[in-house]
Structure formats: C-alpha cells, structure tokens
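Q: Could you show me how to read the pockets, cavities and contacts of a protein model?

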Amino acid sequence: MVTIVYFAWVREAIGRDEEQVERPASDTTVADLIAMLAARGGGYAQGLGDATRLRAAIDQRFVPIDTVIGDAREVAIFPPVTGG
Amino acid sequence: MKRISIQTGDFDVASELAALEALGGGGVASFTGVVRGEGGLIALELEHYPAMTQAQVERIVEDAMARWPLLGVSVIHRFGRLEPGARIVFVGTASRHRTAALESCAFLIDWLKSHAPFWKKEHFADGATAWVEARAEDDAKAKGWSA
C-alpha cells in the first residue's frame, strides 16, 4: 500500500486528507497516479483533473510531477505552495 | 545558532532580535510578515504539511548558511487561523557583514514563499473563502537566487 496525502483545495475537493491505495507498478509516475485517482470521478476529478495545477512530494521531498513513485511510502499531492 | 519553529502561537520580535544580536556579529537583518486586512478579509487560515515542514525549512536554512557567512538564523512560521495584524512569519539573520545579513534574509523569505509546504486560505466578512494562488513572480524571485 502507498499513503496518499492531500492539502488545501485538493483535500477539500476530495473530502479527505489521507488514504491508502494499492501500490501501483513501480514505474508509475506521480502524474500517472493523479490520472488514476482523477478517473474515480466526483471530488477526485474536481481536485485532480488538471495536473498542471498540481505539485507533489514523495516521502516529504518536493519532486517533479513526472517522477516515478518506485518504493515510495508517502505521496503528497497539493497546489503550488503559498507560505511566507 | 539555528532556530526553526513552526507554531500556532505568536512570537516576540524583540526577543528574537536580541538573541541574534547577542551572537556578537554586529549585523542583524530581519523580515516580519503580517496579515493584511484588505478587501474585507477577516482571517487567513494557514495549513501545512507537518511531516515535511520542519525538515524542508531546515534545508532552506542550511542552503542560506552554506551560501553566506552567517552566525545565526531564526525562522518562525505560524499556522492555523490568523487575523489581520497578526504576525505570520519571522526571518532573522546575524552576520559580521551587513550584505550577508540582508541578502540571506531576502533569500530566506523568497524561498519560504515558494519552497515551504504552506497553503493560505482567505476568509472574508461576507462568508466567502478563497485559497491564495501562488504568484509567478514569487517563483521567479526564488529562482533568481539560483543564478
């Protein structure tokens, strides 16, 4: 299993902040995972439908969205950060 | 000295500055970010990625310390619900050289804006809410430091 965590409006659209999903093939990218989740429809399609608006982290490190998930334990999906 | 705190509560700017001054470098620079109450805004709600934030801010601070001769760095970032006038973020740097103190302070706040896992949601008097959109110019400012 892989833990997926969501933040900000992605979290609100999906209606949860975290979930476990079946571990996909190791050559799956974050973008592939986003597309798989968006295909569930509803809030998933709303929050994850446009990958160009999304950023990601694997095991608490920012990564480009086309990064392979490999043996990641936690994948985070969120909008561009707005701290400071 | 390296102080990093991700917290809900307020902080005291004077005591943060005093700790940096006590390092004896002779130069201290700082930036304080405060919630603006414009356009009917009644509160900002800051969300972050608890498992990542501390380590990510540490990496940014390490970058600054590798790049400039600094005696001390303090970064405080609040999360939770903050009303207009509330302090959000503090960056303080101490060095023997004013240029190092000033430049590293600017670098740190630019990088926090575009590289720390925080998200801001605006709450307005009429009940409306809106997630703050990342600004391309903030990204460009952070990238400018890589040149």
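A: On a 1 Å grid over the protein atoms alone, a pocket is an open set of points with protein on both sides within 12 Å along at least five of seven lines, and lining residues have an atom within 4 Å of a point. In this structure, the largest pocket is lined by 42 residues, and nearest its centre lie A:Val81, A:Thr82, B:Ala134, B:Arg135 and B:Asp138. The model is predicted: local features need pLDDT of at least 70, side-chain atom pairs count only at pLDDT 80 or more, and totals for chains, interfaces and linings use all residues. Residues are numbered from 1 along each chain as its sequence is written, chains are lettered from A in the order in which they are written, and side-chain values use heavy atoms, with hydrogens and water left out.

Q: What volume does the largest pocket have?

A: A volume here is the space filled by probe spheres set on the grid points, which are joined across faces, edges and corners. For the largest pocket this comes to about 1,100 Å³.

Q: Which element gives the most to the lining of the largest pocket?

A: Elements are DSSP runs numbered from the N terminus: helices (H or I, at least four residues) and strands (E, at least two). Here α4(B) gives the most, with 5 residues. By class, the lining of the largest pocket has 22 nonpolar, 8 polar and 12 charged residues. In that scheme Ala, Val, Leu, Ile, Met, Phe, Trp, Tyr, Cys and Pro count as nonpolar, Asp, Glu, Lys and Arg as charged, and the others, Gly among them, as polar.

Q: How many cavities of 30 Å³ or more does the structure hold?

A: Rolling a probe the size of a water molecule over the atoms shows where empty space is left. A cavity is a set of grid points where a 1.4 Å probe fits but cannot get out. The structure holds 1 cavity of 30 Å³ or more, and the largest cavity has about 30 Å³ of space. Both chains line the largest cavity, with residues including A:Trp9, A:Pro80, B:Trp119 and B:Trp131. Two or more residues of this lining come from each of α1 of chain A and β7 of chain B. The classes in the lining of the largest cavity are 7 nonpolar, 1 polar and 1 charged.

Q: How many residues of chain A are in contact with chain B?

A: Contact means heavy atoms within 4.5 Å. By that rule, 20 residues of chain A are in contact with 26 residues of chain B. The two chains bury about 1,900 Å² between them, 58% of it on carbon and sulfur atoms; buried area is the accessible area (1.4 Å probe) that two parts lose on being put together, summed over both.
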